[in-house]
Amino acid sequence: MSKLEEIRERFKNDRFATDAAGIVIDCAGPGKAVCSMHLEQHHMNANNVPMGGAIFTLADFTCAVAANGYSERMTVSQNASITFLAAARGKRLIAEASCLRSGRTTALLTVDIRDELDTYVAHATVNAYVLGQ
């Protein structure tokens with residue numbers, strides 16, 4: 001089993017992200033991850049654009065994969081901020097997360113979300129807490 005398959009297996013228990021939202025882990029490396037989500041009707045708000053909560057779920061899950069995919073320690077979100085930049089025009093959202101710094105007890109990550117047409121949809125910053133020493 002490849003490392004990516006191991007990571008996918010580990011995160012399949014994040015059922016809201018994987019089952020309800022349909023998020024897929026496309027690739028992962030130490031401190032990095034790319035996840036995507038095909039937009040369905042249940043992701044849309046009353047204006048027929050992706051709901052902020054769906055976009056935030058993609059950002060949060062991608063951050064979790066970047067922080068935990070290659071780590072022995074568990075990292076959890078402590079504070080998250082997202083800025084919505086534009087409505088998605090495409091049918092798929094792609095999130096790229098990077099860990100800017102992971103210390104003894106805290107980590108800082110960023111997530112950029114675009115659609116497949118390269119519309120820059122949102123930017124998230126996550127302050128995380130590293131469990132265990």
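Predicted model: local features only at pLDDT ≥ 70, side-chain atom pairs only at ≥ 80, totals over all residues.
Residues are numbered from 1 along each chain as its sequence is written, and side-chain values use heavy atoms, with hydrogens and water left out.

The description begins with the core. A nonpolar core is a set of buried Ala, Val, Leu, Ile, Met, Phe, Trp, Tyr and Cys residues joined through side-chain atoms within 4.5 Å. Buried denotes under 20% relative accessible area, exposed over 50%, and partly exposed the range in between, with a 1.4 Å probe and protein chains only. The largest such core has 33 residues, and Leu93 and Ile113 have the most contacts inside it. Two or more residues each are given to this core by helix 1 (3-11), strand 1 (23-29), strand 2 (32-38), helix 3 (52-68), strand 4 (92-102), strand 5 (106-115) and strand 6 (120-130). These elements are DSSP runs numbered from the N terminus: helices are H or I with at least four residues, and strands are E with at least two. Helix 3 supplies the largest share of the core, nine residues. Contact means heavy atoms within 4.5 Å. Not counting residues up to four places away in sequence, Leu93 touches residues including Met37, Ile55, Leu58, Ile113 and Val121.

Among the buried residues are Ile55, Leu58, Phe61, Thr62, Val65 and Asn68. The expected span of a helix is 1.5 Å times one less than its number of residues; for helix 3 this gives 24 Å, and the end C-alpha atoms are 24 Å apart, which agrees. Asn68, also in helix 3, is buried with a relative accessible area of 2%. Leaving aside neighbours within four places in sequence, Asn68 is in contact with Arg10, Phe11, Arg73, Met74 and Thr75.

Phe11 also takes part in the one aromatic pair that the structure holds. Rings of Phe, Tyr and Trp (its six-membered ring) pair if their centres lie within 6.5 Å; planes under 30 degrees apart count as stacked, over 60 as edge-to-face and the rest as tilted. Phe11 and Phe61 are edge-to-face, at 5.8 Å centre to centre and 85° between the planes. Phe11 lies in helix 1 and Phe61 in helix 3, so the pair ties together parts that are 50 residues apart in sequence. Phe11 is buried at a relative accessible area of 7%, and Phe61 is buried at 4%.

The strands come next. Two strands pair if DSSP finds at least two bridges between them. Strand 2 and strand 4 run antiparallel and are joined by seven bridges, with Arg92 in strand 4 as the bridge partner of His38. Strand 4 also pairs with strand 5 in the antiparallel sense, over nine bridges; there Ser98 stands opposite Thr110. A hairpin is formed by strand 4 and strand 5, with three residues between them.

Finally, two loop residues other than glycine have positive phi values. Asn48, in the loop between strand 2 and helix 3, has phi near 60°. Asp118, in the loop between strand 5 and strand 6, has phi near 75° and is exposed, with a relative accessible area of 53%.
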